[in-house]
Amino acid sequence: LAEAHAELGFLKWIHDLDPQGAEAELRLALELDPQSATAHFDYSRVLAETGRFEQALAEANRAIELDPLSIQIRKRLPYVLLLARRYDEAMAEYQKLIELAPDFVQSQRELGLVYEQKGMYDKALRQFRLVSTMPENYAATMARADIGHLYAVSGQHAEARRILAELVSKADHSYVSA
């Protein structure tokens, strides 16, 4: 099944840190079902995160063509643009996506990352604070880390250290991503 190979490829990428294995599984998934939006979606991530941005954009756009109503699928395009440092394009795509799904936490968070990369620190801080208050937010801890990082890169080192200490303390009794 193409979908099984796509998911195996995703796991090889995320869990095993095996880009060659991930790519092989994703190519097999696409060979089995060239119409698999999931396989194109996952393959675009592997391509983007290994620096092959033009191929990643093509795969992300193909996934959107195959499943244009999926917010999750549509999120890949601005993510690839973010990684490719095409910040203005990424910002425009995230803003379109947020108009369609304002409660989609990933897009809200990643728009903050774009603002940070562009040096728009006030906007980034507002965006990360918004993310940390969103209902059913699985990423509240990540938003705190994003704010800490933003403080560090914007020269507010005491605030960054305070948030780092907060996260280290939180890790004593709950999960905090490294």
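**Entry 1: the model itself.** I noted at the outset that this is a predicted model.

**Entry 2: salt bridges.** How many salt bridges does the structure hold? I found 13 of them. I picked out a few to follow up.

I began with Asp 146, which forms a salt bridge with Arg 109. The closest N and O atoms of Asp 146 and Arg 109 are 2.6 Å apart. The two partners come from distant parts of the chain, 37 residues apart. Asp 146 sits in helix H9, residues 140–153, and Arg 109 sits in helix H7, residues 105–117. I then asked myself: are Asp 146 and Arg 109 buried or exposed? Both Asp 146 and Arg 109 turned out to be buried.

Entry 3: Next I went to Arg 162, which has a salt bridge to Glu 159. Here the closest N and O atoms are 2.8 Å apart. Arg 162 and Glu 159 are separated by about one helical turn, because they are three residues apart in helix H10 (residues 157–170).

Arg 162 also meets Glu 166 in a salt bridge, at 3.9 Å from N to O. Glu 166 and Arg 162 are four residues apart, and both lie in helix H10. I wrote down which residues the shared partners join into one network: Arg 144, Glu 159, Arg 162 and Glu 166.

- Arg 162 has a relative accessibility of 41%, so I count Arg 162 as partly exposed.
- Glu 159 has a relative accessible area of 30%, so Glu 159 is partly exposed.
- Glu 166 has a relative accessibility of 32%, so Glu 166 is partly exposed too.

**Entry 4: helices H8 and H9.** I came back to H9 to see how it packs with helix H8, residues 121–133. Their axes are 9 Å apart, and the angle is about 165°. An angle over 145 degrees counts as roughly antiparallel, so H8 and H9 are roughly antiparallel to each other. I noted the crossing of H8 and H9 as left-handed.

Which residues make the contact? From H8 I listed Tyr 121, Ala 124, Leu 125, Phe 128, Arg 129, Val 131 and Ser 132. From H9 I listed Ala 143, Asp 146, Ile 147, Leu 150, Tyr 151 and Val 153. By class, the contact of H8 with H9 has ten nonpolar residues, one polar and two charged. Asp 146, the salt-bridge partner of Arg 109, is one of the H9 residues in this contact.

**Entry 5: helices H5 and H7.** I then looked at helix H5, residues 71–83, beside H7. The axes of H5 and H7 come within 11 Å and cross at roughly 10°. That angle makes H5 roughly parallel to H7. H5 contributes Gln 72, Lys 75, Tyr 79 and Leu 82 to the contact. H7 contributes Gln 106, Ser 107, Glu 110, Leu 113, Val 114 and Gln 117. The contact of H5 with H7 divides into four nonpolar, four polar and two charged residues.

**Entry 6: Glu 23.** My last stop was Glu 23, in helix H2, residues 19–32. With a relative accessibility of 11%, Glu 23 counts as buried. What is Glu 23 in contact with, leaving aside neighbours within four places in sequence? I found Tyr 43 and Arg 52.

Conventions
Residues numbered from 1 in each chain as written. Predicted model: local features only at pLDDT ≥ 70, side-chain atom pairs only at ≥ 80, totals over all residues. Heavy atoms only, no water. Salt bridge = Lys/Arg side-chain N within 4 Å of Asp/Glu carboxyl O. Helix = DSSP H or I, 4+ residues; strand = E, 2+ residues; numbered from the N terminus. Buried < 20%, exposed > 50% of the residue type's maximum accessible area, 1.4 Å probe, protein only. Axes fitted to C-alpha atoms, helices over the stretch in contact; angles between N-to-C directions. Parallel < 35°, antiparallel > 145°, perpendicular 65-115°, else oblique. Left-handed = near helix turned anticlockwise from the far one by under 90°. Contact = heavy atoms within 4.5 Å. Nonpolar A, V, L, I, M, F, W, Y, C, P; charged D, E, K, R; others polar.
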